[in-house]
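This report walks through selected parts of the structure shown here.

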Amino acid sequence: MIGLMTAVHTIAHLFNMEWYNNSRQGLYDDLSTILSNETNLNPVPSASTTPTIVAFTTIAGLTGVIITLALILIITSSMEVIRRNYYELFWYTHHLFIIFFIGLVIHGVGRIVRGQVPDDPHNVSHCKDQPLAWGKIAECPIPHFKGGFPKTWMWVIAPMILYLFERILRFIRYLQPVRYRKIVMRPSKVLELQLVKDGFRMEVGQYVFLNCPTISQLEWHPFTMTSAPEEDFFSVHIRSVGDWTQGLIDVLEQLPEGAEGPKIAVDGPFGTASEDVFDYDVSMLIGCGIGVTPFASILKSVWYKFKESTPKLRTRKIYFYWLCRETHAFEWFIDILQALETEMEERGMANFLTYKLYLTGFDQSHIDYENPRFDQDTDIITGLKQKTHYCRPMWDREFQQIRKENPTSVVGTFLCGPEGIAKTLEKKCMKFSDVDPQKTQFYFNKENF
């Protein structure tokens, strides 16, 4: 919408400049000619001044060109294909907003849009039909005009002050020391960092921004925390998907045994939809690959809560689905699922957690290896009692089963995964929610990566 309004504004002023120029040349009526040549209403100084000259020699024109170019770069670099594949380009280009707002504030200083001054003795209604008599009769002196006072700063100063305070707060957080508790290189190029920061408090499903000056002084990247609020540290799992993440992995892999990692700064935590997971009677969690990270935090927290003698939980049932393309990815926190599985069985609450793991990137060799061992008590990939499915979930069947098992419940459906599956699950939530509000209702919440 900002881009559309900018285009309308720019095109309108280009027409305006053309009309101003034509008025200087007397191509219209006597009124426009007199107003252009006998008063200061027309900002175009002479008939030979083209719109191009105005654009590059006036405050309004020059700042207009600069902020329009900045806006074009900001909008184009914000496209998803750029953010996904060239995040640094998006990150740095987006900071042109500083130039944009500075230009926007001084854009109106030239005061090219002008109006008649208050208390001007020139009577418009009486004199507009006789412009050739202006200055020759007492009733119609030459009118006087001036530009309006620039007011853009009034609209942007409040958000700019808020932004400045936010930057100061981020800088203070940047200076706060962060210590490494553990650095673990997981399979599938996934790095686990366990960090400690004084006074740090988190909730399940939240995320933080990380900055590593060794790699980049300016770049901050968001990562969902995989630790539970009950733990005395916070952790993130970082997959190699770009220059920054690969650079961090390379730096940490080259550390000598027992050496301290490079300086790392943490900003956050910040909230997400996953924080509401315990506000529902039934929760349905769907993670895709590294998108399992917020649910690792949730399931860890569930385990800690059940370590207490009388856990206080509104949630009485959790369905967990994890979709992965490769078998190594399941090793990220399979130990959490094993611990939860054991804990629920010991408490006689084996039905509290239902989980299904789906291997979507398989070939015939996986199936040939699995078939002879299908009757084993545990899965050959994960070691869990729940067997891995070599397919994608049949969502209609899953939603029907959940609705059948929870006929009067509010089900919170949480996804951390790509946009494609988000659209599918949103439609399923609408399809399988009962028209009777007293019966099963599915509420969709998502995080995209």
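## The sheet

L210 has H221 as its bridge partner in β6. The model is predicted, and local features need pLDDT of at least 70, side-chain atom pairs count only at pLDDT 80 or more, while totals for chains, interfaces and linings use all residues. Residues are numbered from 1 along each chain as its sequence is written, and side-chain values use heavy atoms, with hydrogens and water left out.

Strand β5 (residues 207-211) pairs with β6 in the antiparallel sense, over 4 bridges. Strands are DSSP runs of E with at least two residues, helices are runs of H or I with at least four, and both are numbered from the N terminus; two strands pair if DSSP finds at least two bridges between them. The open sheet has 3 strands in the order β6-β5-β8, with antiparallel pairing. β6 (221-224) and β8 (265-270) are at the edges with a single partner strand each, so one side of each has no neighbour in the sheet. From one strand to the next, the twist averages 30°.

## Helices α7 and α9

Helix α7 (residues 97-106) and helix α9 (residues 152-175) have axes that come within 9 Å and cross at roughly 150°. Axes are lines fitted to C-alpha atoms, for helices over the stretch in contact, and angles run from 0 to 180 degrees between N-to-C directions. The crossing angle makes α7 roughly antiparallel to α9 (under 35 degrees counts as roughly parallel, over 145 as roughly antiparallel, 65 to 115 as roughly perpendicular and the rest as oblique).

On the α7 side, F97, F101, L104 and V105 meet T152, W153, V156, M160 and Y163 of α9, where contact means heavy atoms within 4.5 Å. The residues of this contact of α7 with α9 comprise 8 nonpolar, 1 polar and no charged (Ala, Val, Leu, Ile, Met, Phe, Trp, Tyr, Cys and Pro count as nonpolar, Asp, Glu, Lys and Arg as charged, and the others, Gly among them, as polar).

## Helices α4 and α6

Helix α4 (residues 59-77) packs with helix α6 (residues 87-94) at about 150°, their axes being 9 Å apart. α4 and α6 are therefore roughly antiparallel to each other. L73, I74 and S77 of α4 make the contact with F90, T93 and H94 of α6. The residues of the contact of α4 with α6 are 3 nonpolar, 3 polar and no charged.

## An aromatic pair

There are 21 aromatic pairs in the structure. Rings of Phe, Tyr and Trp (its six-membered ring) pair if their centres lie within 6.5 Å, and planes under 30 degrees apart count as stacked, over 60 as edge-to-face and the rest as tilted. The ring centres of Y174 and W220 are 6.1 Å apart and the planes are at 65°, so this pair is edge-to-face. Y174 is in helix α9 and W220 in the loop between β5 and β6, so the pair ties together parts 46 residues apart in sequence.
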